[in-house]
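Biologist: Please take me through some of the labels used for this model. I would like each one set against its definition.

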Amino acid sequence: MVVPRGQEYQAPQEVETREDEEQNIKLTEILELLVAAGYFRARIKGLSPFDKVVGGMTWCITTCSFDIDVDLLFQENSTIGQKIALTEKIVSVLPKMKCPHRLEPHQIQGLDFIHIFPVVQWLVKRAIETREEMGDYIRSYSISQFQKTHRLPEDDEFMQRKEKAIKTVTDIFEVYKPQRKYKRQKGAEELLDEESKVHATLLEYGRRYGFSRQAGKTEQAEDKKIALAPGLAAAGKAEPCDEDDLQAAEELRIKTLMTGMAAMATEEGKLTASTVGQIVGLQSDEIKQIVSEYAEKQSELSAEERPERLGAAQQHRRKVASLNKQILQKTKLLEELQAKCADLQAKCTEAKKSLTEVKSYGEKLDKELAALETIESQADSSILQSLRALVAMNENLKSQEQEFKAHCREEMERLQQNIENLKAEAVENGEEQEPNKIIEQQYKTEKDKLQKIRLLLARRNREIAILQRKIDEVPSRAELTQYQKRFIELYSQVSATHKETKQFFTLYNTLDDKKVYLEKEVNLLNSIHDNFHQAMASSGSREQFLRQMEQIVEGIKQNRMKMEKKKQENKMRRDQLNDEYLELLEKQRLYFKTVKEFKEECRKNEMLLSKLKASSS
């Protein structure tokens with residue numbers, strides 16, 4: 001078997017590793033974890049397991065944003081010393097990150113995936129948590145920075161509604177603030193207990209508190225009776241035992257307190273001219289209701305002015321009747337308001353549902369527009385223009401087709417009407433044969449025209465379909481970029497495999513040469529050993545043996561000189577190839593720079609062309 005010969009290959013120092021099925025399973029799980037976390041370099045087949053695992057661990061530690069004083073610089077195909085230093089740094093970082101699992105450098109160097117797997121699992125979990133935290137932090141920071149300089153339409157609407165709401169609440173407070181209706185006279189009797197003072201203050205503002213119904217307070221009721229004015233002795237009998245007596249006593253006490261008060265100028269019992277005009281403007285039912293209320297209030301005021309004429313029970317009955325009537329009115333008003341509220345809630349629900357549908361449809365349209373804009377920005381402008389022209393042509397053809405169909409239907413109706421008229425005339429005149437021939441001839445002519453138009457339309461549709469297929473066959477910029485990435489990855493994999501194969505060939509050549517030289521050396525030593533005793537038997541054979549040994553030594557020296565010369569030639573060739581490689585690297589750098597400048601100029605050219613088209617249009 002003939003193999004290519006190149007420079008001598010020195011095998012790197014290998015580390016003892018465990019190769020069994022469990023180790024391979026753990027390696028597969030580690031690579032799946034790293035790929036799931038976002039370290040996609042673990043998919044490259046040209047990298048060694050050490051580079052994939054250690055690179056993934058370094059990436060996880062860097063992603064965690066942990067404040068450590070260690071330089072975790074990772075590079076592929078490192079030397080043994082660099083690998084040992086990197087593994088020691090990783091092992092020193094893990095306790096500072098509070099990793100619950102312990103790991104030694106020789107376990108990483110020896111690819112002990114059973115002990116590496118829990119550490120990688122913990123690092124991946126920590127990296128994912130850190131990325132989520134940083135994502136939330138960056139999102140909240142961006143929102144706060146946006147809100148400092150910009151405002152949404154909802155915010156402006158809220159500020160407008162806020163001013164209106166504050167004004168409305170202030171007006172409501174002004175309208176419904178407490179109004180004083182009565183004022184205590186200067187010469188009135190002074191109130192002694194705190195409860196009477198509270199009741200008197202509430203009565204000044206038109207508020208009344210009923211009697212207390214709590215059981216077990218008979219002593220307090222007796223104290224209250226003592227503190228009342230002497231009018232109680234005239235109206236009362238024995239100690240009140242039931243609720244009616246307590247209510248009557250409470251009413252009497254309220255009237256006694258009212259005798260010491262004078263009505264304010266804005267008392268609701270006094271009617272002004274504007275109030276009378278409003279009452280007259282209302283409907284008759286409302287006028288009757290207001291008249292009855294006015295009569296009741298007038299009777300109440302007269303009863304308050306003359307408490308000695310009416311008894312407590314009669315006043316209580318009138319009060320109960322008035323309250324019952326008010327309860328009925330308020331109940332009826334509440335039912336009307338509830339019906340209106342239910343109607344408004346149903347309308348509000350329908351409006352919300354329609355608003356939600358409109359919003360969802362709007363969001364869907366926005367997403368589709370954004371997707372179309374991104375596709376347009378990535379695609380070529382010339383292709384887009386041609387596509388727009390074809391779409392416009394297609395729409396124009398569709399509209400023409402619809403107009404033509406409508407015209408054909410109208411023409412068909414007209415012709416059918418003509419046929420009916422001609423048939424009617426033929427029946428009347430008895431001449432049906434000749435018009436039928438004319439009609440059939442016209443029908444065939446129109447049918448031929450329709451067939452020609454259909455053929456023309458089909459041909460135009462085929463042309464449109466061919467153009468659309470041609471447009472689809474042209475790859476977009478994103479597809480070309482993806483193809484380029486895939487070709488680069490494939491090239492890197494092929495290059496790594498070729499390099500590895502070349503190293504194997506070189507190793508084989510070196511070992512083969514070493515084997516040949518060792519075989520020659522063994523044969524020579526065996527020959528010397530076999531002939532040594534015979535050569536030493538006589539002086540002539542001894543001299544001949546020495547001459548042969550000198551010739552062998554001289555041949556070895558010549559072979560050594562040839563190998564030295566070959567070594568120098570290979571070294572010169574290596575230096576020459578290295579110089580050529582550096583020149584090619586410089587050309588590659590210049591090529592990339594030129595391509596970058598060319599892309600920038602193309603972008604400027606496209607911008608100038610778009611500006612020129614915009615100015616010309």
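Biologist: Where is His101 found?

Modeller: His101 lies in the loop between α3 (80-96) and α4 (105-109); helices are DSSP runs (H or I, at least four residues), numbered from the N terminus. This is a predicted model, in which local features need pLDDT of at least 70 and side-chain atom pairs count only at pLDDT 80 or more, while totals for chains, interfaces and linings use all residues. Residues are numbered from 1 along each chain as its sequence is written, and side-chain values use heavy atoms, with hydrogens and water left out.

Biologist: Why does His101 count as partly exposed?

Modeller: Buried means under 20% relative accessible area and exposed over 50%, with partly exposed in between (1.4 Å probe, protein chains only). His101 has 30% relative accessibility, so the label is partly exposed.

Biologist: Which residues does His101 touch, not counting those up to four places away in sequence?

Modeller: Pro118, Val119 and Trp122; contact means heavy atoms within 4.5 Å.

Biologist: What makes α1 oblique to α2?

Modeller: Helix α1 (residues 21-37) and helix α2 (residues 49-63) pack at about 40°, with axes 11 Å apart. Axes are lines fitted to C-alpha atoms over the stretch in contact, and angles run from 0 to 180 degrees between N-to-C directions. Under 35 degrees is roughly parallel, over 145 roughly antiparallel, 65 to 115 roughly perpendicular, and the rest oblique. The angle of about 40° therefore makes α1 oblique to α2.

Key: Helix = DSSP H or I, 4+ residues; strand = E, 2+ residues; numbered from the N terminus.
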